[in-house]
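Colleague: Hi! Could you walk me through this one? I'm still new to reading structures.
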Amino acid sequence: MTVVRKKRGVPEGLWLRCPSCQSTLFRKVVDQRLGVCPECEHHFNVSAKERIRQVLDEGTFEEWDANVIPADPLKFADRKSYADRLVAEQKRTGLSDAAITGGGMIRARRVALGVTDSAFIMGSMGSVVGERLARLIERATRQQLPLIIISGSGGGARMHEGILSLMQMAKVSAALARYDRAGGLYVSVLTNPTMGGVAASFAALGDVVFAEPRALIGFAGPRTIQATIRIELPEGFQTSEFLLEHGYVDRIVPRDKLKSEIARTIDYCGK
Amino acid sequence: MEAPTPGLAFEQPIYEIEVRLHELVRQTDAGPETQHEIRRLRRELAEVTRQVYEQLDPWQIVQVARHKDRPYTADYLSLVFEEFVELHGDRHFGDDRAVLAGFAKLDELQVMVIGHQKGRTYKERTACYFGCAHPEGYRKAMAKMRLAAKFHLPVITFIDTPGAYPGIGAEERGQAWVIAESMYEMSRLRTPILCVVIGEGGSGGALGIGVGDRIAMLQNAYYSVISPEGCAGILWKGHQHAEKAAHALRFTSRHLQQFGIVDQVIPEPLGGAHRDHHQMAARVKMYLNKTLRELLQTPLDQLLEARYEKFRQMGVFLESESPA
Ligand SMILES: [Zn+2]
């Protein structure tokens, strides 16, 4: 039996349709452009592994803490048990949880890199994401490495691990506060979508904050807000551009410029 | 004796006895038989209340935690502390009534108190968005915590919020950013911090003032990553399944103590904190006094190290011997 693993964001097949401008696109062209629509610059979601390939120098990535794997502390079950959901997500995405962390080089500068994958249970942060990130940050502190975390999470804190997920926000933020005190440079990159407990912890705490164009970024989801205030949300609400305008994002960085922008920031900060 | 009012649905057996008791007590010509019956009903009332409250399920606990008569931060401020000097300014945008902050005296000990406030009357409730803070509330909290650290005042926080406010202005003014920054600052704030979950510990909005050296929780409070309604809406595709979500989320004080999140559960008076504000406040005061004195005796660097480790240890995962 062949297991066909569906790629997220950029659908399988020779051709694909851009959800933003509705153009029919030749898949190869989109891939060559790092998952960006040549017609309208729509940024398709890319997997964490693909993101690492795009950002790091070829062959330099060394994964850390892959042996930290999820448990089911609450024995949580909704219409499906969390234990089964984990197995299904692991099969579907080829990931053990929603974050990959490790070391590597960006244009020959050594960095500590964390990437969340919005495909694994909505990119939500449970104990494993929190622990891998905390270890990444602590290692970056010890080794005095620049730290890059690329966030993508529609889910925020992972409900299936209850309060333990919520506390990962505090744990990772505390680790970042120590890293800050030690003088480390943290570049936070926000991608579509970055919401809830991920937005309200490590994603927000960068010394420098980049966002990909037109990403959805915010604390409360648009539907929650709409249900609360019962008025139409303004056009462009909670986008990267909206956050830049309100002072929460430093630069909007298109995907093909991300690597060079990170390298330049590292150089400016003398790291 | 005031006429009893119906309480929560599961409190019906308590209410029925209260009604009978009230009728008897009102009788002006009560003979010895009535007096005897009154005494018997009082014992029964205590016994039934104990039985009902002994076995609250998680969904019932949520109802108690949200009870309209439950003591709020403002009640503790007047019942626990000798004095409260409110400090309003967030230095950015405005005064968020969902967060109270100020100097206070715990007996002779000077402290900074910060807490969510839900409001008792309809007017108060709308003014503070039912205890849902905007970014200015967290900025106010941070500003007053920095002030406290500068002048060596320990910080006490009272957590009681359904969650941080979801709205347009809140997003425009950086709700995600202020919650993150608040945790970041609290994790390294150079003064003791003591957090007490007094009612609803609603997600990031609660944790935004919830990073400290000790975390206590009232017996019938709950503290959760998401509201049961929110969780049900996403995972069960309907808010009407909130009761199921409440069971699944394991957010009661008993669970949180088991998970090592909460250091101490403060027992509530018979029938819940809403039945006896004074007794509840006395218990909270006793806990604060005892614990703050402990914290104040610990060298600050040691305290900060322990605070970091406390949160660093949170989480449950597996670790295989060799990298997977
Ligand atoms: Zn397009």
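Modeller: Happy to! Let's start with a term: two residues are in contact, or touch, if their C-beta atoms, placed from the backbone, lie within 7 Å. Keep in mind that this is a predicted model.

Colleague: Thanks! So which residues does B:M145 touch, leaving out those up to four places away in sequence?
Modeller: With those left out, B:M145 touches B:M112, B:I114, B:V155, B:E185, B:M186 and B:L189.

Colleague: And which residues touch the most other members of the largest nonpolar core?
Modeller: B:M145 is one of them, along with A:L147, A:I163 and A:L176. That core has 160 residues. Helix α5 of chain A, residues 162-181, gives the most to this core, with twelve residues.

Colleague: What about a second core?
Modeller: There is a separate one of five residues, including A:V30, A:V36, A:F44 and A:V46.

Colleague: Switching topic: how many residues does each chain bring to the contact between A and B?
Modeller: Chain A brings 54 residues and chain B brings 47. On the chain A side, α5(A) has the largest share, 16 residues. By class, that side has 33 nonpolar, 15 polar and six charged residues.

Colleague: Nice. Which strand of chain B does β4(A) pair with?
Modeller: β4(A) pairs with strand β9 of chain B, residues 317-319, in the antiparallel sense over three bridges. In β9(B), B:L318 is the bridge partner of A:I69.

Colleague: Last one: which residues of helix α4 in chain B are buried?
Modeller: In that helix, residues 73-80, the buried ones are B:T73, B:D75, B:Y76, B:L77 and B:V80. Among the elements of chain B that cover them are β1 (83-86), β2 (99-106) and α13 (277-297).

How values were computed
Residues are numbered from 1 along each chain as its sequence is written. Chains are lettered from A and ligands numbered from 1 in the order in which they are written. This is a predicted model: local features need pLDDT of at least 70, side-chain atom pairs count only at pLDDT 80 or more; totals for chains, interfaces and linings use all residues. A nonpolar core is a set of buried Ala, Val, Leu, Ile, Met, Phe, Trp, Tyr and Cys residues joined through C-beta atoms within 7 Å. A residue is buried if 20 or more other C-beta atoms lie within 10 Å of its own, exposed if 12 or fewer, and partly exposed in between; C-beta atoms are placed from the backbone. Helices (H or I, at least four residues) and strands (E, at least two) are DSSP runs, numbered from the N terminus. Ala, Val, Leu, Ile, Met, Phe, Trp, Tyr, Cys and Pro count as nonpolar, Asp, Glu, Lys and Arg as charged, and the others, Gly among them, as polar. Two strands pair if DSSP finds at least two bridges between them.
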